[in-house]
Amino acid sequence: GDALRYHQQDLQISHDIDNKIGQARAYGNMGAVYEDRGDIDKAMSLYEQNLNISALVNDLVGKTRAFASLGRWMTNKYIYYVLFTIVYAPTNYQLM
């Protein structure tokens, strides 16, 4: 969609001018788009790139945002697991 395209353009420009903080921000924003789409593996990869670049340039604000994104995903993963285990699995799978 449009959001992803704009973040990719942001990333390209940040690469072109060697703006590491801009690159990290773009990776984080692209991660959010993929997370919203349900592509968690791609989102996690992008959040990790965000964190790695932020750490490389010692951007504490960027690192904080990256950790928050990764933490939010881990929390949601746990919630989905619990809901699946309690609600979906007992009604849709029979134990042998």
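A pocket is an open set of grid points where a 1.4 Å probe fits, with protein on both sides within 12 Å along at least five of seven lines. The model used in these exercises is predicted.

**Exercise 1. Describe the largest pocket: its space, its lining and the elements around it.**

Step 1. Start with volume. The largest pocket holds about 200 Å³ of space.

Step 2. List the lining. It has 14 residues, and A24, R25, N29, N50 and R65 are the closest to the pocket's centre.

Step 3. Assign elements. α2 (20–37), α3 and α4 (60–92) each give two or more residues to this lining. α2 gives the most, with six.

Step 4. The lining divides into five nonpolar, six polar and three charged residues.

**Exercise 2. Work out the span of α3, its buried residues and what follows it.**

Step 1. Check the length. α3 covers residues 40–56, 17 residues in total. From first C-alpha to last it reaches 24 Å, close to the 24 Å expected at 1.5 Å a residue.

Step 2. Apply the burial cut-off, under 20% relative accessible area. A43, M44, L46, Y47, N50, L51, I53 and S54 of α3 are buried.

Step 3. Look past the end. N58 follows α3, and its phi is positive, near 55°.

Key:
Residues numbered from 1 in each chain as written. Predicted model: local features only at pLDDT ≥ 70, side-chain atom pairs only at ≥ 80, totals over all residues. Heavy atoms only, no water. Helix = DSSP H or I, 4+ residues; strand = E, 2+ residues; numbered from the N terminus. Expected span 1.5 Å × (residues − 1). Buried < 20%, exposed > 50% of the residue type's maximum accessible area, 1.4 Å probe, protein only. 1 Å grid on protein atoms, 1.4 Å probe; cavity = no way out; pocket = protein on both sides within 12 Å on 5 of 7 lines; lining within 4 Å. Points joined across faces, edges and corners; volume = space filled by probe spheres on them. Nonpolar A, V, L, I, M, F, W, Y, C, P; charged D, E, K, R; others polar.
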